[in-house]
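Please look over the model below before reading my notes.

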Amino acid sequence: MIYFDNAATSWPKPPCVVEAMMHFMAEVGANPGRSGHRLAVEAARVVYGAREAVAQVLNAPDPLRVVFGANATEGLNLALHGLLRPGDHVITSSMEHNSVMRPLRVLARNGVELTVVGCSPQGILDPDDLERAIRPTTRMIALIHASNVTGTVLPIAEAGHIAREHDTLFLVDAAQTAGAYPIDVHADAIDLLAFSGHKSLYGPMGTGGLVIGDRVDVARLTPLKQGGTGSRSEHEEQPGFLPDVCESGTPNAVGLAGLAAGARWVMARGVEGIRAHQMALTEELLRGLESITGVTIYGPRDAQRQTATVSFTIAGMETSEAGLRLDDDYGIMCRVGLHCAPAAHRTLGTFPAGTVRFGLGGFSSTEEVATAVDAIAALARKAS
Amino acid sequence: MSGDSYSVILVHSTSHAMRIEKLLGERGVACKMIPVPRQISSDCGVCIRILQQDVEPARRAVAAAIEIQGIVPIQGGLR
């Protein structure tokens, strides 16, 4: 069995993640920040530990500006719906996932002006195109860090500095990169960074969130929901400080226990080390697939310029058929079709047929890559 | 220890309390998380209890890192 669907969620998880969650359920279990007894305080420590661990992986200066939610999508929605107002202009790329594109389409119907900057057929964004799109009313640049379809890495450091020069906010969708690719919120001038907890940070599903930089005026940030926070209980108004303003309701504390363990596991291995391992495997996969007649690879086809996600098609075989055969005949699990990113597929020329996507992860191996390449070669021969 | 006198650091958020607990721990200032005394505030959250003699070191440790509501003395019953 080969799990090549890490771009959707990482699996397996490091044993320490499972252990941390079991420990929380068996030994802690109380509601963090809602009471002052020892288990509630211990639960609050666990949640705070997750803030620190995530901040450290991302080089975010303040753990209290790490806001947790259900996933990266919630973090992105908080940033977009929470800060953009009618009359504001926002710029994004044509490689975005629907977690950015769909909120932006709703906002555009309600008076926010939207510019989608085109990327090359490999998904590459030219920072000059970004800068040319800036207007006096531009309030935000929102970019995916790396495409979930092709792994193409976008130039976020350049974009961050363009945003800073033009005094506009910079939002990064790091769902595919947090933990797998070096990120420096501080150095790259990132004002808002949405992360997934269950992908390359190796936490469980149901964890993610948003890092909020100090250029973001929290008084102007409208939370997605209001409710109990365990603070200011005497007031019927939502508190105005982070992280409470954005974290109403009982959090997924058991999930965050797992996320803390996962993020610490990432730090122990080092993001650079994880990246080097995945880059080597990606290179092997790319060279293997390139040698097969009938296989077309999308994206940069260069491990230096992409994450460990590779999209391709096989001539004469629908992607759905390829996915079924890979699972049934070879035990290889991957994702096929459109990957919640229609704009990206139009950019790449793979709309509406989609692609076969291999998402390698921290536990993928050279042997698995070789087996998968052989399987694709066999499928390509049958299809021709 | 029953003769010791205490103050509590009042904070905006439980997350802030967790940060202060770590900061004080790193500086060797003993502290304990307790429910906010009802006489001080009707807030349902926690605060950080410290020895009266540690008030100034604690204030210095916290000052640069985080905004607090204040440090107030407490009398008896919450040891």
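1. Basis. This is a predicted model, in which local features need pLDDT of at least 70, side-chain atom pairs count only at pLDDT 80 or more, and totals for chains, interfaces and linings use all residues. Residues are numbered from 1 along each chain as its sequence is written, chains are lettered from A and ligands numbered from 1 in the order in which they are written, and side-chain values use heavy atoms, leaving out hydrogens and water.

2. Sheet of chain B. Four strands make an open sheet in the order β2-β3-β1-β4 (chain B), with antiparallel pairing. Strands (E, at least two residues) and helices (H or I, at least four) are DSSP runs, numbered from the N terminus. Two strands pair if DSSP finds at least two bridges between them. At the edges stand β2 (31-35) and β4 (70-74) of chain B, each pairing on one side only. Neighbouring strands of this sheet are turned by 35° against each other on average, direction ignored. Axes here are lines fitted to C-alpha atoms, for helices over the stretch in contact; angles run from 0 to 180 degrees between N-to-C directions.

3. Inside that sheet. Strand β1 (residues 6-10) of chain B and strand β3 (residues 46-51) of chain B run antiparallel and are joined by four bridges. Ile9(B) faces Ile48(B) in β3(B) as its opposite residue.

4. Helices on that sheet. Helix α1 (residues 14-26) of chain B lies across β1, β2 and β3 of chain B, at about 25° to β3(B). Helix α2 (residues 55-63) of chain B also packs on the sheet. This α2(B) touches β1, β3 and β4 of chain B, and its direction makes about 130° with that of β3(B). Contact means heavy atoms within 4.5 Å.

5. Sheet of chain A. This open sheet has four strands in the order β9-β10-β13-β12 (chain A), and the pairing is antiparallel. β9 (295-298) and β12 (335-337) of chain A each have a single partner strand, so one side of each lacks a neighbour in the sheet. The twist averages 30° from one strand to the next. Four bridges link β9(A) to the antiparallel strand β10 (residues 309-314) of chain A. Thr296(A) has Thr313(A) in β10(A) as its bridge partner.

6. Helices on the chain A sheet. Helix α8 (residues 271-290) of chain A packs on the sheet, touching β9, β10 and β13 (355-359) of chain A, with its direction about 10° from that of β10(A). Helix α9 (residues 319-330) of chain A touches β10, β12 and β13 of chain A, and its direction makes about 40° with that of β13(A).

7. Largest cavity. The structure holds five cavities of 30 Å³ or more. A cavity is a set of points, on a 1 Å grid over the protein atoms alone, where a 1.4 Å probe fits but cannot get out; lining residues have an atom within 4 Å of a point. The largest contains about 190 Å³ of space. Its lining has 17 residues, and Pro32(A), Arg34(A), Arg51(A), Glu247(A) and Ser15(B) are the closest to its centre. α2(A) gives the most to this lining, with four residues.

8. Second largest cavity. About 120 Å³ of space lies here. Domain 1 (2-9 + 271-383) and domain 2 (15-269) of chain A both contribute lining residues, so this cavity lies between them. Domain bounds come from an automatic or database domain assignment.

Note on methods: 1 Å grid on protein atoms, 1.4 Å probe; cavity = no way out; pocket = protein on both sides within 12 Å on 5 of 7 lines; lining within 4 Å. Points joined across faces, edges and corners; volume = space filled by probe spheres on them.
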